[in-house]
Amino acid sequence: MVPFAPGGPTDTVSRLVAEAMGRDLGQNVVVENVGGAGGTLGSNRVAQARPDGHTLLLHHIGMATTPTLYRRLPYDPVAAFEPIGLITEVPMSLIARPNFPANNLADVVAVMRQRREELNYANAGIGAASHLCGLLLMSRVDAPMTTVPFRGTGPAMQELLAGRVDLMCDQTTNTTEQIRGNSVRAYAVTTPQRLPTLPDLPTSAEAGLTGFEVSVWHGLYAPRNTPAPIIARLSQSLQTALRDPRLIARFAELGTAPVAQDQATPAAHRTFWLADIAKWRPLIQAAGQYAD
């Protein structure tokens, strides 16, 4: 189950993982898209499913923000699921309109502190990765901007290219083409290391802003009370899938890579997940922007 519409980054990741796991399991793994309500409709479907290992959820960083963004849900975002393993982390990049008056990230910070709410920050809606990245940026710089939510990354990017909004932070799967084509100004990637696909773009730490690291991670889940042997078999299959050369090659084309094998386990997944919930909770609460 993918809790988003077909064609997006999470759907693409899901279909690649499903195909590779299907080869290992010796049976078809069908991807069903149930979008709506910020991913909570599809998630609720899995939360209510029979815990027999045949209905799984593949979700992104939203699993770490839903517990805070949504104050009323028909399921417990943490207790309703058994983590199976992490899959991948897609980096983010900070970009601006083509004529934005900043040559580097230090200049961006200076402009943010000087102009504050005069600046417009585009995002793909409350709870989207671009929204979360903006919250973290404003927190680290201690300078609020006027956030402008759009119905997805596409419209937000169009407004940025047209110069009608100032800044945006989004997945490299959505920004690399514009960065390479010099149609936007790019300042940093939000990862500890530079990306092979954008080798000239510094990390945020290299550019002088520490603590500004965020990625769109994906993980696989089963309904709670799924028997431990089933979870173990699915985790083993996921680890095999993440070693598949065809999956690795396609991930590289998307500007990402599978996680290390020791991260594709239930224990590592749970630890990472709970730590990310704790990371985002105070930022979301401070912003006072909720999805319900």
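Which residue forms a salt bridge with arginine 23, and how far apart are the closest N and O atoms? Before selecting anything, keep in mind that the structure on screen is a predicted model.

Start by selecting arginine 23 together with aspartate 244, which is the partner in question, and the closest N and O atoms of the two will be found 2.7 Å apart. The bridge joins distant parts of the chain, since arginine 23 sits in helix H1 (residues 9-25) and aspartate 244 lies in the loop between helix H8 (228-241) and helix H9 (245-253), 221 residues apart. Aspartate 244 has a relative accessible area of 10% and therefore counts as buried, being under 20%, whereas arginine 23, at 35%, is partly exposed.

Then move to aspartate 166 and arginine 97, whose side chains meet in a salt bridge with an N to O distance of 2.7 Å. This pair also links distant parts of the chain, with aspartate 166 in the loop between helix H6 (153-161) and strand E5 (167-171) and arginine 97 in the loop between strand E2 (81-96) and helix H4 (105-115), 69 residues apart. Both aspartate 166 and arginine 97 are buried.

Finally, select arginine 115 and glutamate 118, which form a salt bridge whose closest N and O atoms are 3.5 Å apart. Here arginine 115 is partly exposed at 28% relative accessibility, while glutamate 118, with a relative accessible area of 55%, is exposed.

The bridges visited on this tour are among the 12 salt bridges counted in the model.

Key. Residues are numbered from 1 along each chain as its sequence is written. This is a predicted model: local features need pLDDT of at least 70, side-chain atom pairs count only at pLDDT 80 or more; totals for chains, interfaces and linings use all residues. Side-chain values use heavy atoms; hydrogens and water are left out. A salt bridge is a side-chain nitrogen of Lys or Arg within 4 Å of a carboxyl oxygen of Asp or Glu. Helices (H or I, at least four residues) and strands (E, at least two) are DSSP runs, numbered from the N terminus. Buried means under 20% relative accessible area, exposed over 50%, partly exposed in between (1.4 Å probe, protein chains only).
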